[in-house]
Amino acid sequence: MTTAPRAEQPGLYYPKLPATWWLRRPAYVRFMLRELSSVFIAIFLVVFLIQIYRLGQGPEAYAAFLGTLRSPGWIAFHVVALAFALYHSITWFNLTAVVQVVRFGERQVPPRLVAAANYVLWVVVSLAILLFVLRG
Amino acid sequence: MSSRKTSEPFWWGLFSVGGVVAAFLVPVHLFLHALAAPLGWIPASPARMQALVGHPLVKVYLFVLIALPLYHWAHRFRFILEDVGLHALRTPIAVLCYGSAVVGTVLTLWVLLSI
């Protein structure tokens with residue numbers, strides 16, 4: 001595909017770009033990777049839902065599903081998915097820190113500080129979940 | 001067209017909340033359930049996991065964790081498809097993406113309530 005199909009709706013203009021326009025600049029590639037992270041996150045969540053469903057079917061079904069996830073293909077996929085999930089978190093915290101204006105009295109809290117607070121909260125929440133699942 | 005325009009903030013709100021949930025909660029759960037548990041790094045016995053999932057508050061938590069980021073995916077994936085040039089299919093793409101997220105929400109609810 002080289003050109004975008006012409007839009008049918010009047011009043012909407014779409015520039016004709018090749019489907020690979022985002023390969024032109026590193027920033028565009030990073031943008032596309034950020035958007036693509038949602039696909040990997042969604043696939044993991046579906047896998048996770050199936051995992052819970054199999055747990056409901058009994059211990060054997062759950063163990064069998066863990067066996068499936070142990071295959072090299074799934075492990076490789078989830079390593080990549082984890083990298084994308086982390087990329088989403090980092091880009092999300094950096095972005096929301098800029099978008100979300102936090103005020104302290106008269107002064108605006110610098111976005112870097114807001115981002116830092118998000119990172120700290122992220123680490124604390126992750127550790128709490130880790131401990132809860134491991135010990136409960 | 002007008003109905004789609006007015007529903008935009010609704011989907012964007014779900015996208016935004018889903019993005020927050022995904023940013024804070026998904027990495028640790030992905031590591032735990034998709035890597036550490038299958039590889040045997042953590043004790044994830046079925047009895048222990050069943051006891052966890054059986055708790056009503058955990059179910060509510062899991063619903064938020066699984067369902068909301070689906071809307072985040074739907075919104076982003078919709079615009080990925082548009083950005084690579086599928087503008088002519090704007091409406092069917094939107095219906096398919098958000099529709100998938102709604103189906104995912106119903107399935108999540110069903111799985112969590114039946115366990």
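This is a predicted model: local features need pLDDT of at least 70, side-chain atom pairs count only at pLDDT 80 or more; totals for chains, interfaces and linings use all residues.
## Fold of chain B

The secondary structure of chain B consists of four helices and zero strands. Read from the N terminus, the order of its elements is α-α-α-α. The radius of gyration of chain B is 17 Å, whereas the globule rule gives 13 Å for 115 residues; chain B is therefore more spread out than a compact globule. Its C-alpha trace spans about 50 × 25 × 20 Å along the principal axes.

Of the 115 residues of chain B, 37% count as buried. Among contacts in chain B between residues at least 6 apart in sequence, 77% join residues at least 24 apart.

## Contact between chains A and B

Chain A contributes 48 residues to the contact, and chain B contributes 41 residues. On the side of chain B that touches chain A, at least two residues come from each of helix H1 (2-36), helix H2 (46-53), helix H3 (56-83) and helix H4 (90-114) of chain B. H1(B) provides the largest share of this side, with 14 residues.

By class, the side of chain B that touches chain A holds 31 nonpolar, nine polar and one charged residues.

## Helix H1 of chain A

Helix H1 of chain A covers residues 26-57, a run of 32 residues. At 1.5 Å a residue this helix should span 46 Å, and its end C-alpha atoms are 46 Å apart, which agrees. After H1(A) comes A:Gly58, which has a positive phi, near 130°.

How values were computed:
Residues are numbered from 1 along each chain as its sequence is written. Chains are lettered from A and ligands numbered from 1 in the order in which they are written. The expected span of a helix is 1.5 Å times one less than its number of residues. Two residues are in contact if their C-beta atoms, placed from the backbone, lie within 7 Å. Ala, Val, Leu, Ile, Met, Phe, Trp, Tyr, Cys and Pro count as nonpolar, Asp, Glu, Lys and Arg as charged, and the others, Gly among them, as polar. The radius of gyration is taken over C-alpha atoms; the globule rule is 2.2 Å times the number of residues to the power 0.38. A residue is buried if 20 or more other C-beta atoms lie within 10 Å of its own, exposed if 12 or fewer, and partly exposed in between; C-beta atoms are placed from the backbone.
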